[in-house]
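Hi,

Here is the structure I said I'd pass on. Have a look at it first, and then read my notes below.

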Amino acid sequence: MRKREVLNEMRLVIDSRSANESFARVAVAAFIAQLDPTVEEISDIKTAVSEAVTNCIVHGYRNGIGSIWIQARIYSDSRVMLRVRDKGAGISDIKQAMEPLFTTGGAERGGLGFTVMESFMDDLKVHSVVGKGTTVTMEKKIVQRR
């Protein structure tokens, strides 16, 4: 099996402010556009980024403002890797946090963030350490139509 080559990469650091969620999703969408994705593929990626960034804002830094690191890579096999990381509260039980409808965000939160990310992306991995933060890594294959 041939090792995947990174063709392009971007990194972005934003404050964990609600106003930056839409910026993050548009920035990633603009970067991914070079692969000429379908409207559905770009919508899936934007939604997944939105959910991951919102989790950082609502859960990671629930009592303040911190940094959110976003990394996007395009590989030679037309796969896109997205990594969204915070240095916030962390998750004590990842398995429980990934259960549909589970939330620590109160009654106004739906508890579907990880479920949405899983449904729109081909692969989802979550790594978290309580008190040190959470990293969400997602991948999606972009179908080449040429």
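**What I found**

Let's start with helix 1, where the buried residues are Glu21, Ala24, Ala27, Val28, Ala29, Phe31 and Ile32. Those buried residues pack against strand 1, helix 2, strand 2 and strand 3. Before you go further, keep in mind that this is a predicted model.

**The whole chain**

Now zoom out a bit. The chain has 146 residues, and 46% of them count as buried. Take the contacts with a separation of 6 or more: 65% of them link residues 24 or more positions apart.

**Helix 1 against helix 2**

When two helices pack, we describe them by the angle between their axes and the distance between those axes. For helix 1 and helix 2, the axes come within 9 Å and cross at roughly 145 degrees. The crossing of helix 1 past helix 2 is right-handed.

Which residues in helix 1 meet helix 2? On the helix 1 side they are Glu21, Ala24, Arg25, Val28, Ala29 and Ile32. Their partners in helix 2 are Ile42, Ile45, Lys46, Thr47, Val49, Ser50, Val53, Thr54 and Ile57. Sorted by type, the residues of this contact come out as nine nonpolar, three polar and three charged. If you want to pick out a few in the viewer, Glu21, Ala24, Val28, Ala29 and Ile32 are among the buried residues of helix 1.

**The core**

Next, the largest nonpolar core, which has 36 residues. Val53, Ile68, Ile70, Leu82 and Met138 have the most contacts inside it. At least two core residues come from each of these: strand 1 (6-15), helix 1 (19-32), helix 2 (39-60), strand 2 (67-75), strand 3 (79-86), helix 4 (113-120), strand 4 (123-129) and strand 5 (133-141). Which element gives the largest share of this core? That is helix 2, with eight residues.

Setting aside its neighbours within four places in sequence, Met138 is in contact with Ala48, Val49, Ala52, Val80, Met81, Leu82, Val84, Met117, Met121, Asp123 and Leu124. One of these, Val49, also turns up in the contact between helix 1 and helix 2.

**Two loop residues, and one in a helix**

Two residues other than glycine have a positive phi: Asp36, with a value near 55 degrees, and Ser78, with a value near 65 degrees. Asp36 is in the loop between helix 1 and helix 2, while Ser78 is in the loop between strand 2 and strand 3.

Are they buried or exposed, or partly exposed? Ser78 has a relative accessible area of 10%, so it is buried; the cut-off for that is under 20%. Asp36 has 47% relative accessibility, so it counts as partly exposed.

Finally, find Thr115, which is in helix 4. Thr115 counts as partly exposed because its relative accessibility is 25%. Thr115 and Ala97 are 18 residues apart in sequence, and their C-alpha atoms are 9.8 Å apart in space.

Key. Residues numbered from 1 in each chain as written. Predicted model: local features only at pLDDT ≥ 70, side-chain atom pairs only at ≥ 80, totals over all residues. Heavy atoms only, no water. Core = buried A, V, L, I, M, F, W, Y, C linked by side-chain atoms within 4.5 Å. Buried < 20%, exposed > 50% of the residue type's maximum accessible area, 1.4 Å probe, protein only. Helix = DSSP H or I, 4+ residues; strand = E, 2+ residues; numbered from the N terminus. Contact = heavy atoms within 4.5 Å. Axes fitted to C-alpha atoms, helices over the stretch in contact; angles between N-to-C directions. Left-handed = near helix turned anticlockwise from the far one by under 90°. Nonpolar A, V, L, I, M, F, W, Y, C, P; charged D, E, K, R; others polar.
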